[in-house]
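The structure comes before the entries.

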Amino acid sequence: MSTQEELNYCYNFVVNLTVESGKVIHDAFQGSKIVETKAGDWDLVTQYDRKVEAILIDNLAKRFPTHKFIAEETVSRSNFLPELTDTPTWIIDPIDGTTNFVHSFPYTCVSIALAVNKELEIGIVYNPVLKQLFTARRGHGAFLNEKPIKSSSVEELKHSLLCLETSYATIEDIRDIILGRLEAFVSIAHGIRTMGSAALTLCHVAMGTVEGYHSDNLMPWDVAAGVLIIREAGGIVIDTNGGEFNVMSPKLLAVGNCKLAKELVKLIKHADLKTHQKMLLLQTAK
């Protein structure tokens, strides 16, 4: 399962399937949803997340019976994250940006990637509300609605637009670190944005409308497709500390180019140092 012909077939099949499954999101977008929580009040799921995931897995499993799956709702029900092996594996987020979807805020999408021999080969992110189809094949470039996209060449932080997932600051254990990094980003960048969908934010880095995106609190299905799309658009995805990125344990820094990536790594390390010093002072004051 590594020939270009086989990958072409997988790509064509999954693009059509993703667009088809997106109709569920589009048709349900303005209506009422049955909303439940998973890991916390900030982690929502609807009946449509499960419906889209079932459509994707059922159709892919019928067509590719030897392939494996790492999919958000299946994992959350079993509470077990499978290992990524050399076997062709589909990494699926049926609705990324569920909170946006619940509020009928139009940044929501289907995100699906195919990894073969642990290497990302196909990435698709589809926003059925705004009709944006982001696609990438390893070595073939990245596209929005079949037109090539390229990441930003802006190299200076002071000229950059940056994205953070600030909603994770609701988690008490990591609140200080997140707010410290937010303060550092705000103090230097042109502006800060929070889109509420990791997959779509990664695509905005890929198309050069934002220079960088950072979050340490994501899962493989949030990032797998977007990571390939960014890399194929000429951008950089590294670990927050500046090391090699691990899709199965994503601490993510996605940036338009190498120079800006290095600047952001430095900025985050400096922000964390300040946060730890503040926390130490508070503890000693007690």
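Entry one, on the pair E156 and K158. I began with K158, which I list as partly exposed because its relative accessibility is 48%, the class lying between buried (under 20% relative accessible area) and exposed (over 50%), computed with a 1.4 Å probe on protein chains only. E156 also goes down as partly exposed, because its relative accessibility is 39%. The side chains of E156 and K158 meet in a salt bridge, with N to O at 3.8 Å; the term asks for a side-chain nitrogen of Lys or Arg within 4 Å of a carboxyl oxygen of Asp or Glu.

A note on the source: this is a predicted model, in which local features need pLDDT of at least 70 and side-chain atom pairs count only at pLDDT 80 or more, while totals for chains, interfaces and linings use all residues. Residues are numbered from 1 along each chain as its sequence is written, and side-chain values use heavy atoms, with hydrogens and water left out.

Entry two, on the whole structure. How many salt bridges does a search of the whole structure find? I noted nine, and one of the pairs I followed up is D86 with K118, whose closest N and O atoms are 3.0 Å apart. D86 lies in the loop between α3 (72–78) and β4, and K118 in the loop between β5 (109–116) and β6 (119–127), so this pair ties together parts that are 32 residues apart in sequence. Helices (H or I, at least four residues) and strands (E, at least two) are DSSP runs, numbered from the N terminus. I recorded D86 as partly exposed at 41% relative accessibility, and K118 as partly exposed at 47%.

Because D272 belongs to helix α8 (residues 258–285) and R181 to helix α5 (residues 172–188), the pair ties together parts that are 91 residues apart in sequence. I have D272 as buried, with a relative accessible area of 15%, and R181 as buried at 9%. Salt bridges that share partners join R181, D216 and D272 into one network.

UniProt, in an unreviewed entry, places the feature "binding site" at D93; its positions follow the numbering used here, feature names are shortened, and annotations may be inferred rather than shown by experiment. I found D93 in strand β4 (residues 89–96), and it counts as buried because its relative accessibility is 1%. Leaving aside residues up to four places away in sequence, D93 touches E72, C109, V110, S111, W221 and D222, where contact means heavy atoms within 4.5 Å.
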